[in-house]
Amino acid sequence: MTMALRSWYLERSPRERWLLAAMLAIALPLLLWALVYRPLADGLEAAKQRHVAAVQRHALLLGQLAQLRDGVQLVQGASGADVTLVAGESAVRAGLALSGNTAQGPDAASVAVAAAPAPAALAWLQQLEGQGIRVRELSITPQPGGTVVVSAQLSRSGR
């Protein structure tokens, strides 16, 4: 087969040989890109997306686990505790790091979370409402990588 291909190639004129070589020089990198690089890049991107989703599910499950483990104690302790303390403790139990937690009186606070998975942040805010802390104002800004920046004004329910 290689002899037949070689004899066919040698039967071509020098100009045709040059054009065939140029065609191969263009076609081979294109085929390598289409058959090797592109599938690998797509697989890597899909793996990154699956990883982000898994991290978000993990954070949500950790928050729900902490909520189940400490839910009764937090609801009982939240009735008289300072809003900043309740928000800080519940954020730690939900696996979130507060970047700001400023008291605005004993019954109000301003909190901020720098980067958190969206489901975990929303589950944390829902957990706060279950503890008698109301979200008065809320700002959620999406960030790259599936995280969000959250800033909220909290107050004790009924205030």
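Read along the sequence, the protein chain of this predicted model follows the pattern α-α-α-β-β-α-β-β. The chain holds four helices and four strands, where helices (H or I, at least four residues) and strands (E, at least two) are DSSP runs numbered from the N terminus. Because its radius of gyration of 30 Å is well over the 15 Å given by the globule rule for 159 residues, the chain is more spread out than a compact globule; the radius is taken over C-alpha atoms, and the rule is 2.2 Å times the number of residues to the power 0.38. The C-alpha trace spans about 95 × 30 × 20 Å along its principal axes.

Residues are numbered from 1 along each chain as its sequence is written, and side-chain values use heavy atoms, with hydrogens and water left out. Since the model is predicted, local features need pLDDT of at least 70 and side-chain atom pairs count only at pLDDT 80 or more, while totals for chains, interfaces and linings use all residues.

The four strands form an open sheet in the order β1-β2-β4-β3, with antiparallel pairing; two strands pair if DSSP finds at least two bridges between them. Neighbouring strands are turned by 15° against each other on average, direction ignored. Strand β2 (residues 108-117) and strand β4 (residues 147-156) pair in the antiparallel sense over eight bridges, and Ala108 stands opposite Ser155 in β4.

Helix α3 packs on the sheet, touching β1, β2, β3 and β4, and its direction makes about 165° with that of β1. Contact means heavy atoms within 4.5 Å; axes are lines fitted to C-alpha atoms, for helices over the stretch in contact, and angles run from 0 to 180 degrees between N-to-C directions. Helix α4 likewise lies across β1, β2, β3 and β4, running at about 155° to β2.

The axes of α3 (residues 83-93) and α4 (residues 118-130) come within 10 Å and cross at roughly 135°. That angle makes α3 oblique to α4, given that angles under 35 degrees count as roughly parallel, over 145 as roughly antiparallel, 65 to 115 as roughly perpendicular and the rest as oblique. The contact is made by Val86, Ala87, Ser90 and Ala91 of α3 with Trp124, Gln127 and Leu128 of α4. These residues divide into five nonpolar, two polar and no charged (Ala, Val, Leu, Ile, Met, Phe, Trp, Tyr, Cys and Pro count as nonpolar, Asp, Glu, Lys and Arg as charged, and the others, Gly among them, as polar).
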